[in-house]
Amino acid sequence: MDALKTAIQEAARLKRDEGIIRLNSCFQWREFEGDDQRQKIHQEFVYENVMYSVQRGLPWAAVAQIANLSKELLPELRGLERSEAASLIQTRLSQCVHRLSPSHHATMYDFMVQTYIHHQSLYQAFLKEEVNLNCMHSHLEIQVPPHPLPLSEGTDLGIWEKQQALKELMAVETVKLAEIHRLKEQAEAQIWEKAEVSLSDLSLEGRLDKQALESMVHSILQSEVDMLKEILIKEIRAVQELLEIRLSQTALQGAGHSSDASGFSQKGSTSGSTKPKKK
């Protein structure tokens, strides 16, 4: 144990690569013998835990235990889920001969768990001898943006914005016209349906007196009027909205003409002035 503590103290004063070599000389690395790549990862795992415990101010005897614990721990993590790995780390830290203080225990537990969990997939591939995995490559076609038009073929930003607004209003106008047409068809269909139902109720076998017939006709007409009234109200609202849309279109078109005229006059009176262009 004294030799290990001395080696750790020397490794802590050396650069990383030299420190790993110095610390490695204290152990026999039989777990992954013959596999230099996996053995190197194992050694780095031990070194990182040891150096962290040194930085956190653990006693040298406790740091030596962390070194032994880390060397034995990594191979035991093979195939374990995250919760199982965290439980194993907790158990190993609790079994230290020189019992760690609560703060040092929590510090090392958090570091070892977070380090392992963050790279769990890599460590599991390493432990299961799946380091040299086949990689899947996809060749994606790169689509460059279209070549911009010359500035002379551009459109004034203000005019372009008005054009976009007009397009939106025209789309809303189309929807509103379709709604009005649908309301008219709905009114016609409901009138015919109501009339057919009312006429089917008439008994052709018996005779109706004049008063009963007038009452029935009045009832039919009243129901049709009420039904038409509701549909007409909806149609009137739709027409009003359509008129507002067309007024907005007229206002935009008028503003566009006036801005064109003002822009023309400014170009005629002022030389060298330019406006932003929208491609």
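**Legends to close-up views of helix packing and salt bridges**

**View 1. Overview of the chain.** The secondary structure comprises nine helices and two strands, where helices (H or I, at least four residues) and strands (E, at least two) are DSSP runs numbered from the N terminus. In sequence order, these elements follow the pattern α-α-α-α-α-α-α-β-α-α-β. The model is predicted, so local features need pLDDT of at least 70 and side-chain atom pairs count only at pLDDT 80 or more, while totals for chains, interfaces and linings use all residues. Residues are numbered from 1 along each chain as its sequence is written, and side-chain values use heavy atoms, with hydrogens and water left out. Of the 279 residues in the chain, 29% are buried; buried means under 20% relative accessible area, exposed means over 50%, and partly exposed lies in between (1.4 Å probe, protein chains only). Among contacts (heavy atoms within 4.5 Å) between residues at least 6 apart in sequence, 72% join residues at least 24 apart.

**View 2. Packing of helix H1 against helix H3.** Helix H1 (residues 2-13) packs on helix H3 (residues 36-55) at an angle of about 85°, and their axes are 11 Å apart. Axes are lines fitted to C-alpha atoms, for helices over the stretch in contact, and angles run from 0 to 180 degrees between N-to-C directions. H1 and H3 are therefore roughly perpendicular to each other; angles of 65 to 115 degrees count as roughly perpendicular, under 35 as roughly parallel, over 145 as roughly antiparallel and the rest as oblique. From H1, the residues Ile8, Ala11 and Ala12 meet Tyr47, Val50, Met51 and Val54 of H3. By class, this contact of H1 with H3 has seven nonpolar, no polar and no charged residues. Ala, Val, Leu, Ile, Met, Phe, Trp, Tyr, Cys and Pro count as nonpolar, Asp, Glu, Lys and Arg as charged, and the others, Gly among them, as polar.

**View 3. Packing of helix H3 against helix H4.** The axes of H3 and helix H4 (residues 60-76) come within 9 Å and cross at roughly 155°. The two helices, H3 and H4, are therefore roughly antiparallel to each other. H3 passes H4 in a right-handed crossing; a crossing is right-handed if the near helix is turned clockwise from the far one by less than a right angle, and left-handed if anticlockwise. On the H3 side, the contact includes His42, Phe45, Val46 and Asn49, and on the H4 side the partners include Trp60, Val63, Ile66 and Lys71. The residues of the contact of H3 with H4 divide into 11 nonpolar, four polar and one charged.

**View 4. Salt bridge between Arg22 and Glu10.** The count of salt bridges comes to five, a salt bridge being a side-chain nitrogen of Lys or Arg within 4 Å of a carboxyl oxygen of Asp or Glu. In this view Arg22 is paired with Glu10, and their closest N and O atoms are 2.5 Å apart. Arg22 lies in helix H2 (residues 16-24) and Glu10 in helix H1, so the pair ties together parts that are 12 residues apart in sequence. Arg22 counts as partly exposed at 27% relative accessibility, and Glu10 counts as partly exposed at 28%.

View 5. The side chains of Arg16 and Glu44 meet in a salt bridge at 4.0 Å, N to O. Because Arg16 lies in helix H2 and Glu44 in helix H3, the pair ties together parts that are 28 residues apart in sequence. The relative accessible area of Arg16 is 36%, which makes Arg16 partly exposed, and Glu44 is partly exposed at 23% relative accessibility. A salt bridge also links the side chains of Arg16 and Glu48 (2.6 Å, N to O). This pair links distant parts of the chain, with Arg16 in helix H2 and Glu48 in helix H3, 32 residues apart. Glu48 is partly exposed, with a relative accessible area of 32%. Through shared partners, the salt bridges join Arg16, Glu44 and Glu48 into one network.

**View 6. Packing of helix H5 against helix H6.** Helix H5 (residues 82-94) and helix H6 (residues 102-118) have axes that come within 10 Å and cross at roughly 150°. That makes H5 roughly antiparallel to H6. The crossing of H5 and H6 is right-handed. Among the residues making the contact are Arg82, Ile89 and Leu93 of H5 and His105, Met108 and Tyr116 of H6. By class, the contact of H5 with H6 has 10 nonpolar, three polar and one charged residues.
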